[in-house]
Amino acid sequence: MLEILDGLGVSYKSVSSTIEEDTVELIKQILEEEAAGGAAATTDAAPAQNQSAQPQSTQTAQTEAQSAAAPQSAATATAEREPEVAAPAAPETPHRAPVVTIMGHVDHGKTSLLDYIRKTKVAAKEAGGITQHVGAFEAKTSKGKIVFIDTPGHEAFTTIRARGANVADIAIIVIAADDSLMPQTREAIAHAQAAKVPMLIAINKVDLPQADPERVKTDLTQLNLVPEEYGGDLVVVPVSAKTGEGVEDLLEYISLTAELEDLRADPKGNFSGVIIESRVDRQAGVLATVMVQEGTLHVGDFLVVGENYGKIKAMTDSGGGRIKEAGPSTPVQVLGFSEAPASGETVLSAKNEHAAREVIAQRASDRRDAENARVQRKRTLEEMMGP
Ligand code: GDP
Ligand code: MG
């Protein structure tokens, strides 16, 4: 559907966007033609004697083909036309899972919602696996994998963004149904808008007797955010982190939004990632959570962050299991940095220790040049100002 819309040049904002009646008719027509084209191609490829085996489909295919565009007779269509050989598809960059952040006012239920999703959607850990905070987790849903960043949403998102990296693809704004829009809700909305990240609204705590989801929708409309049922494009999902009501719908909307975003990354490309968080463990050393954005990370790779580098000694997935490699949209905890990198820093990999050191030397030299230039400017300015 979306491919057809793109082809027609029809713009859409979200999965709940409405389309004109005329467009609907056009899409129907295109789909019918495509179906007919598919059938005709099958007939062409099939040896002639097989035609009697499926007289009905052949008939339909020919009629459709004629009415669509082909001026040839039915006979030429089947007997003389070269079988249509599909052009070899260019190797497409594969899709990747969406990375989602949850933001909203304090006590509106961000942690509870994440906990509910984690409890119900994350496969049970293997016996002996260590449960530790990684700052992100992968939820398995019927629509595929969704990665949630669960470092206290707001701060992580803003610090990471402040460093120029965009780690989230979709923002969920949690609004408590008994409290409606609050200062941090507006802030969260502003952040998502500034980052140009699509947002979905989860109206939480709908299980409460005093819940008033309608008021939340009206209040949103006042911010020019118009819920779909009021004729707008904003997806609003009523949920309860307590009972689980609506959570499945929310996950489905996340997947649909991700489809619209057409998120892709090449697991075979050059690696790049972002630090989600890091900490120093007394025994293990520096543990850093890296979100793989492009390429694949392997144990033994050299990573460069700022003017630091490290060799990956071990990696764990968000479930605590040891892994040897991690592709795009995978949060991994990495052991091997000598100093804790800051969240939001970008990570690159180097072939070997020598290459890693070269990158760092270059960065250090660039930094010194910039510092010298700054000092020089300040001196010149002071000289101009006189004694
Ligand atoms: P956060 O500050 O946004 O992370 O909010 P929390 O997840 O810590 O939740 C704040 C309070 O609201 C806690 O007491 C939760 O138990 C409660 N809470 C969260 N979600 C729901 C819900 O869906 N229904 C009800 N009744 N209480 C909820
Ligand atoms: Mg919380």
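Which helix gives the most to the shell around ligand 1?

**Entry 1: conventions.** I worked on a predicted model, in which local features need pLDDT of at least 70, side-chain atom pairs count only at pLDDT 80 or more, and totals for chains, interfaces and linings use all residues. Residues are numbered from 1 along each chain as its sequence is written, chains are lettered from A and ligands numbered from 1 in written order, and side-chain values use heavy atoms, with hydrogens and water left out.

**Entry 2: ligand shell.** I found that helix H5 (residues 110-121) gives the most, with 3 residues; helices are DSSP runs of H or I with at least four residues, strands are runs of E with at least two, and both are numbered from the N terminus. I listed 15 residues surrounding ligand 1, the closest being Asp 107, Lys 110, Thr 111, Ser 112 and Asp 207 (a heavy atom within 4 Å).

**Entry 3: atom pairs at the ligand.** I looked up N or O pairs within 3.5 Å. A side-chain N or O atom of Ser 112 is 2.5 Å from a ligand 1 oxygen, and a polar side-chain atom of Asp 207 lies 2.7 Å from a ligand 1 nitrogen.

**Entry 4: aromatic pairs.** Phe 137 and Phe 148 are stacked, at 5.5 Å centre to centre and 25 degrees between the planes. Phe 137 belongs to strand S2 (residues 136-141) and Phe 148 to strand S3 (residues 144-149). The pair of Phe 302 and Tyr 309 is tilted, because the centres are 6.3 Å apart and the planes stand at 40 degrees.

Conventions. Polar contact = N/O pair within 3.5 Å; in protein donor to acceptor, adjacent residues only side chain to side chain. Phe/Tyr/Trp six-rings, centres within 6.5 Å; stacked < 30°, edge-to-face > 60°.
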